[in-house]
Structures are given as structure tokens and as C-alpha cells.
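Work through the exercises below with the sequence and the 3D view open. Try each task before reading its solution.

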Amino acid sequence: MEQYEDTADARSKRKHPPTPSSERPKKQIKGQSEIVIRDGSRMSPTPELQPADEAASPSGESSVDLQPATLAGGVQDTFEWQKTIEHVVRNVVSIHFNQTCSFDTDEALSSEATGFVVDAEQGYILTNRHVVGPGPFVGYCVFENHEECDVYPLYRDPVHDFGILRFNPKDIKYLDLKGLVLRPDLAKVGSEIRVVGNDAGEKLSILSGVISRLDRNAPEYGDGYCDFNTNYIQAAAAASGGSSGSPVVNKDGCVVALQAGGRSDGAATDYFLPLDRPLRALELIRKKQHVTRGTIQTQWMFKPFDECRRLGLTDNWETAVRTQFPKETSMLVAEVVLPDGPASSKIKEGDILIKVNGELITQFVRLEAILDESVAQKITMTIQRAGEDLDIELDVGDLHSITPDRFVTVAGASFHDLSYMQARSYAISVKTPGVYVAEAAGSFRFTDGHSSGWLVEKVDNKPTPDLDTFIEVMKSIPDRKRVVVNYKHLRDLHTTNTSIFTMDRHWHPTMKMAKRNDVTGLWDFTTLAEPIPSEPRTKLRANFITVNSKFPEAVDIVRSFVRVSVSMPVRVDGFPKAFKQGSGLVVDAEQGLVLVSRAIVPYDLCDVNVVIADNIWLEAKIVFLHPLQNYVILKYDPSLVDAPVKTPKFATDFIKRGDDTIFFGWNHNYRPIVAKTTVTDISTVAIPASVVTPRFRAINFDAISVDTSLASLSASGVLLSEDGTVQALWLSYLGERTAHNNKDVEYHLGLAAPLILPVLKEIQSGRTPDLRILNVEFQTVQMSHARVMGVSEEWIERIEKESPERHMIFMVRKVDSNHNDGLREADVLLTLNGKMITHAPDLDIMYDKEYLDAVVVRDREEISIRVPTVLTTDLETDRAVIFCGATLHAPHHAVRQQISKIPSEVYISSRCRGSPAYLYGLSSTNFLTHVNDKPTPDLDTFLTEVKKIPDNKYFRLRVVTFDQVPWVATIKKNEHYFPTIEYRKDVNEALSWRKVIHEFDEGGVTEGVPGEEMEVDAGSPSVLEPELKE
């Protein structure tokens, strides 16, 4: 996801929390699964590898704690404690889980936490709600003796931070489980306690502490899920990541609280959830009864008596409270009252709660008990406002009814109704018009970069106030139709945004409803609608803008530019984004041919659209991808265009250093830029490779630089003579990802126009170029270096005469993997087929030759060798398999350029957050060599072997990292949420790709849940002009 810069003072409607942002606590779940990096070691996610929207906020608030645990002392103190701990430890489990897709307040993730058995006979485990999550959950637990079993969600509270998982007790054969007893009444100030759970997910830890407070307001974690309408218990225990859901026990072995969060600033302060409401829920579930939850849609908070007096508390009520509850020091005050709720016209913020149903109330426990027993009934309240007593009657609503338990996936995105949790966070009505976007992806990819938090109010000019209405509206929209979408973000409901989206019902054809099933613990998927075919296009008229300039013939090139947008439904070839847009140059208006950078169109498993004259929107097909020179040729249907599109004239002679030229380009607002300039340099450059994830980069080409700073502002354009002849293409080149800010670097450089003419001519004649290339990357060598490497004085003199403006030749920097014949690394290339090679364009003689005769200097000896070339059609990805949430394909060209040996033709290009691949540690750039010790050298054998493995059963994968470090992963499939899907190139298909679903679960996902790890862009690409290596 594009990163959203979140700060504590961002435009949030949330009231300031009672805890300063610098002291906000953390939910004690472990971070995302460890990542296996290239050297074979393991580490927690770094900003380079984790999704950008999972990075900690600048305020220090984060939902995960990756700090090392600080073990409290004093755990080996008394025999009684040792005996208690022995009993407790047997019932504590380590929970390893996936939240498989973004839903409500939670994003997809893989993590670890703690839970404990509360009913050994029925198999119930108590843990946190932020572990169970509000959406789809898959997990397993490991007991103290390392027995393992699957766990399934049984109950997650709509508000409070507890949930219950179930397991099959028969799966635990070697451990005598008794279950722990919940005793909320034994939580006392000064009580000595132990927190027994995971220490950062690594091992069982026992942390000691003393309860210091019972009346703390619920901690605020910042954005996302936060508990409220309950007190929290405070103690010093120094728990850390992975300890969420740990039991807090007393000396008798009774659980007195549930570990939930802790300070993020290193202080040994932890926050525990009281067990009154978990105990009630557990007792009802044991009896197979529904857990009723009542609400008046009001958030209350503890306020001390001195503050209550300032709010208007009168002496008589303070006296009554202090008399009846002599230990009380605070009362409940209304903090947030949701509009349109049961209390919206009767309670106001700052009102002090006195009585409920005639009973004096000062604690959340009693208030919640009354509400939970009064669902769909009326209650009476006495409140005090500014010293005045008010008696009111309220209808108690059902909290479950305003907590979503279903979502819809359509056009690559997911939606559900606005939840009470989100509405409370922003003090808005749960009836606020609009459907909540749980995952902004596919057709609903909002340009602002937020991955969630959007409310869609209208689609295709039709209101979508709720999910059911939204479904009916989406059913009526044909594939590829462009529709107007009106939407707001929860952070800024004052502003209505309007965008036009193209509905994708071809890559994501089926609209599905997912419904939570608390019996099975799964979410059941049912088909709501199949796609409506796209409507036929009609011919449209348009005119281009006029550009005023001193060079009218040159700026007429504006009629040759179109806007290009690309949407990639599957992430392959290591490309970091799912959507790109830029400008392309029409190179043949009659045939509808467009040239565009490969930084915009990286591969052909995608949708491409062109916009002509900012007016006519058309689909386009990819005709040709150049393997080295960073450009793609597209084709649109020119019969649908009634506009004066111009075919430019291309220069046949190469532009030279020092030549005057006219730069015409487009800035980031797609406005034209024109400048008279001079060519300052033409040199063979080396675009730095991306170390994190190999992806396409241009090599073996001469780049043109100009002396105008405007060129750095433009990602696409041309260099022109005054008569409008195109001398060079100005393109964006994707480079490395920087370590310090996690941004992708783009270089803006020129490519001489004559280089594209042979390819263009062949495409114009109706043939697809079938180029052959040398499987090597060259770098330039100065004469002083060449002499040391063995190049003779005779050759040096010939080079000086052949290339008087640049005394350089080429040396082989890197040979593609698995190619041992022909050129070798460090060879100095002198000639190919008798032609001296001193400039990158000289290498173009390789394009139509199966073999080349080369003269090279190798180990200071001049030798003649026969060098084979390779077909470029073999270098592009034509097949991809999504397995366990990992995208697999043969190693693409960028991988072969950077690695010396290919361990297997099964390469992991990307993976989904919340998937088995993420949970079990598979990482991008890994190779899969064996399945259950059976070799899998290619995708066919890999699919054959994994199909033999039953769903939800462990199997072994032999894995090799990019740096050739082998390791073994154990993993199990989950066909319900992560089916095995194959995409295979097939020109006979409408999309030029055929989709095959190999393994799936009836009632499960068949298209994949949105949310891939690979989209980690931290904002706009960095446009740098660094010193490029020659």
C-alpha cells in the first residue's frame, strides 16, 4: 500500500486520549513473521520489506512491539509460586495466526500471541480480541510440551479486548489439561501477580509484578482497534511482543486479569483487562447460549471527583456516592455520544452518570451488566448536567447488530458496513451514509494512498448508503465501464472526493459475499453476481491543447502524446506497484502504436489504457517489450478515435554531444514543458540494480543528458529539432530502492530515436520482433584500465581513431546465470562479427544473429570465440502460480542478471500479507527446490507434488535464499482462503492470459483476497540525478 504519513496531530476526529501520545501503550502481539533475508539469517520486518502502512507512526504508537523482553526478577521465590506456575504453564499456549485480509480496524497480518485454556473439556482458549481479530482468522496453538493443534474463532467481543478460540481436546494426547479458573474478584491493589506467556514469541516467560491500579481508563493505541467502556488494571511487569492474551495469575493459580497492552517507551508498565465480561461470555458459551451485548452508543470514562465537580457534580450526589462507595475516587462521565444513536438527543458529552434503573452506578462492570441484560428493552438513567439532574429513558440496542460480520469483494476491493468501533473512533453515526472500504485495491485504488478508512457514498451517480444497496448498484455495472465514485475519508468527513474508476470485472469477475460462521470458525463465501460484459466502444471526437512557443513546429508534438495508465492484478517480476501512470508517444497514428517506458508498463499481465487528448479513453494491448532499452510498444484501436493524432518524424542520425535541441516533456501535473537546451553528455550508463527485490532495469544502452533542470521534472517527453523531428525519447528508468527512505529511485534519461526504428518498422509490417541478445551486462573501460587488462597498443590506437570523442571499450560485468559458454565476466570485448564495439548502439547487430564471432581479451590474451545469443521471448514471464499466498514463477531476467546460479525454476516474486507463506517465513527472492524431498525443478513438477498434499496438512519445502543458503520450511496449505491459482499466457484468450484454479475449497475464496506485501512504496518515486556509473 502507498504509505500514509500518520502523525499524532493529523486531522482525526478522535478526541484527545487521556494518555499523552508519547505515553501511549502497545498491544502486545508479536510483529509480522520473521523474514528470511538473503544471507539466510532471520529478522523482523524492516521498512524495506514490510508494507509501508505497517510501519510505526511517528508518535511512537504502534500495534506491535518488537523490543526485546525485559524479564522481571523474583520468579524463583517460593515453593507456593513454583507449584502454581507449574499448573499454569500447562494451560498456556503460544498462538500463531493469520488475519487473512483487512477488515474493519485490522489489516491483514501474520503474528504470534498467547492464550490459555479456560475449559479443557470443551476446548476453549481465552486470548485478546486484537488477536482473534474482527475478520477471517487462521491459526494454530502450541502447548508447553510442544503439542500442536488448530484453533478456530468462537467469539470475539465487539468492543472489549478479549476473544475465545476453540480447539479439539482430543488432539492433545500427552498433556493433562485442567483449565484455568477466572476470578475477576481477586484482582486487588497490592496483589502480587505473575504474567505467564510468550516473550517476544520466542519462549515461555514468567514475569512478576504488583497490581498498582484498578481504575485506569482503557488505553488508547492510536488508530485502529481500541477498547473502551471498561476499566483497566495497571501493574509493572515489563511484558513485550507476543504476550498478548497471557494470563495474569495470583499465588493460588487463579487468573485475575488478561494481559492486553503496555507502555511503548520502555517503562515496565502493563495494562490488563478485567475478567468480569470475559467470564460472563465464557459461562454463556459453555451453556451454548448467545452472548448478548447491549449498547446506547455512548463512551464513558472515569473522571476524578475534582474534575466532576468542575463539570457540575453537586455536593449531595458526591456525598451519596462517597457514602455508598467509600473507596471510590471517580465517577463515569460521557466522553463520546454517537449521533443518531439511542442517547444522541438525551445525553451530551460531559454529562455525569448518577443512576441506572434507580441504582447508583460508579463502575463499568455494573453498567455493562445492566446493558447486556437489557438488549431491545428500555432503561432509565439519572444524569447530572451542569448541576441539574435529568431523568431519561433509553432504548438499549444490540451491539452485535452494529458490528460487521460480512463483507463483499468486487473489482479487486472489499467492503462492509461502517462498524461501531470505527464510528466511535471518529464520533460519527453508525448510520453515516456510505460503505466502508476495508481494502482499497483493484478498481477502488484511491490516489491519496490510504489503504482503508474510506466511505463510498455514490457509485455511478447512485447512492450507496449501506452494503446491500452498494451490492445492487455494483451488480448493474458492466465490465470496464468508467463510473463516477464519490467518497470521503473518516479523517475528513467535511470533504467529498470525486474520482472516475474503471470497473474491473475481468481479472476479478465474480462478486462474492463473505459471512462469518461462528460454528465452523470460517468465513463462508457465496457468489452474488457474475460480471456483465463490457459495452462496445463508439468512435469519439477530441482536439488537442494548443501550446504557445517560439518553436511552433516542435511543440506540435503535443498531438503525438497520450496518457497511459496501467493496473496490475498480479504482482510478478518483483515490480513494487499495482498501478502506474505516465505519458506515451504515439509512433504510428494510423496503426495506433504507442511507445512508453517500462517503468510504467513493466510486464504484460496487466490492463493498459490510453487517454487521447485528455478526452478519449481506450483499452490498449502490449505488442512488444524491449528486453534492454526500457520501452514498450502498445496498440490501441485507431478506428475509435476522431482526433488529429500525429505520427512524428523520427531522426535517422544519432544526436551528438553539444547539439542544440528542444526539450518537450510533461511534469507531474501532466502539463507540457518546453525548453531550448543542449545535449551535455551521451554515455553508457549503469542503472543500479535493486538489491531488495530484482526487477527490470535497462542495461547496455547509451543515455542522453541535457542541461535544463526541467528535464528532471519530466518522466516522459522527447528531444526535438526546430522542425519537429524527434531526435530522442525522454524516458523514466526504474532503479534501485534506497535503504534510508525505502523509496524507488527513478532516473530520467534520453534514448536516441534511431535505436527504435528497426523494431518499429517490423511491428508496422505486422510482425512481432523476435530479438536475440547477448546474455551479459557490459560496463565501459577506460584505456588506462584496458592496457592493464591486456589490450594491445595496436587496439588502443584503433579505438582512439574509431571513437575520437570517447576513448572507451566494453568489459563484461556480469553474465546471466546458467550460461557458461560464450563470454565470461571480465572479458574485454573488441569486435563482434568484425565490427569494433565502442558505443552501446554497436551491440544492436546481435538482435538477428543466433551466433556472433567475437574477439575478446581474456586473462591478458586476445582470443576469437563464437558467442551464442538468447531469445528474448524466453526472458519474459509467461506463467505465474499463486500458492499459499506466494506468487511463484520462473526467475525473470532481472534475477538471472543478478544471481550466479539458479537453484530452481520456482521463484517467489511476492507474497500476500496474512497468508501461509508469510506466517511460515517464505520470502520474496527465495527459490523452492523440493516438496517433501521430491525435486521441483520447475512449476509443472511443483504443482504435481503439492497437489498430492491434503489441505491443512504440514509438508516440507526445501528453500534456497538468493545468496544460495539452503533451509527447510514446514508449511500447510489453506485452500479456503488461499487457493492455488495459475495464470498462463495465452494469446487466444480475451485477456491474453488464461486463469486456472487448481485447488480450492467449496465456499472459500477463488480469486484471492486483496493485500499483497509487494506494494511497499513509501510515496512518490524519488527522481534523482546521481552520478551514474560508466
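In β9, Arg-166 is the bridge partner of Tyr-124. This is a predicted model, where local features need pLDDT of at least 70, side-chain atom pairs count only at pLDDT 80 or more, and totals for chains, interfaces and linings use all residues. Residues are numbered from 1 along each chain as its sequence is written, and side-chain values use heavy atoms, with hydrogens and water left out.

**Exercise 1. Find how strands β6 and β9 are joined, and the barrel that holds them.**

Step 1. Start from strand β6 (residues 124-127) and strand β9 (residues 163-166): 4 bridges join them, and they run antiparallel. Strands pair if DSSP finds at least two bridges between them. Helices (H or I, at least four residues) and strands (E, at least two) are DSSP runs, numbered from the N terminus.

Step 2. Follow the pairing around. The order β4-β5-β6-β9-β8-β7 gives a closed barrel of 6 strands, with antiparallel pairing. From one strand to the next, the twist averages 40 degrees.

Step 3. Look for the helix across these strands. Helix α3 lies across β5 (109-119), β6, β8 (148-156) and β9, and runs at about 160 degrees to β6. Axes are lines fitted to C-alpha atoms, for helices over the stretch in contact, and angles run from 0 to 180 degrees between N-to-C directions.

**Exercise 2. Describe how helix α3 packs with helix α6.**

Step 1. Take the geometry. α3 (residues 276-286) and α6 (residues 364-372) pack at an angle of about 30 degrees, and their axes are 10 Å apart.

Step 2. Classify the angle. The two helices are therefore roughly parallel to each other, a label for angles under 35 degrees.

Step 3. List the residues. α3 brings Asp-276, Arg-277 and Arg-280, and α6 brings Val-365, Glu-368, Ala-369 and Asp-372. Contact means heavy atoms within 4.5 Å.

Step 4. Sort them. The contact has 2 nonpolar, no polar and 5 charged residues. Asp, Glu, Lys and Arg count as charged; Ala, Val, Leu, Ile, Met, Phe, Trp, Tyr, Cys and Pro as nonpolar; the others, Gly among them, as polar.

**Exercise 3. Find the partners of strand β19.**

Step 1. Check its cover. In β19 (residues 352-356), 4 of the 5 residues are buried. Buried means under 20% relative accessible area, exposed over 50%, partly exposed in between (1.4 Å probe, protein chains only).

Step 2. Go to β21 (residues 378-385). It runs antiparallel to β19, with 4 bridges between them. Ile-352 has Gln-384 of β21 as its bridge partner.

Step 3. Go to β20 (residues 359-360). Here 2 bridges join the antiparallel strands β19 and β20. Lys-355 is opposite Leu-360.

Step 4. Inspect the turn. β19 and β20 form a hairpin with 2 residues between them, and Asn-357 in the turn has a positive phi of about 50 degrees.

**Exercise 4. Which residues of helix α12 are buried, and which are exposed?**

Step 1. Trp-795, Ile-796 and Ile-799 are buried in α12 (residues 793-802). They sit on the same side of α12 because they cover an arc of only 100 degrees around the axis. That arc is taken from the directions from the helix axis to the C-beta atoms.

Step 2. Turn to the other side of α12. Glu-794 and Lys-801 are exposed there.

Step 3. See what the buried residues pack against. Their partners include α11 (783-788), β49 (808-815) and β52 (851-858).

How values were computed:
Parallel < 35°, antiparallel > 145°, perpendicular 65-115°, else oblique.
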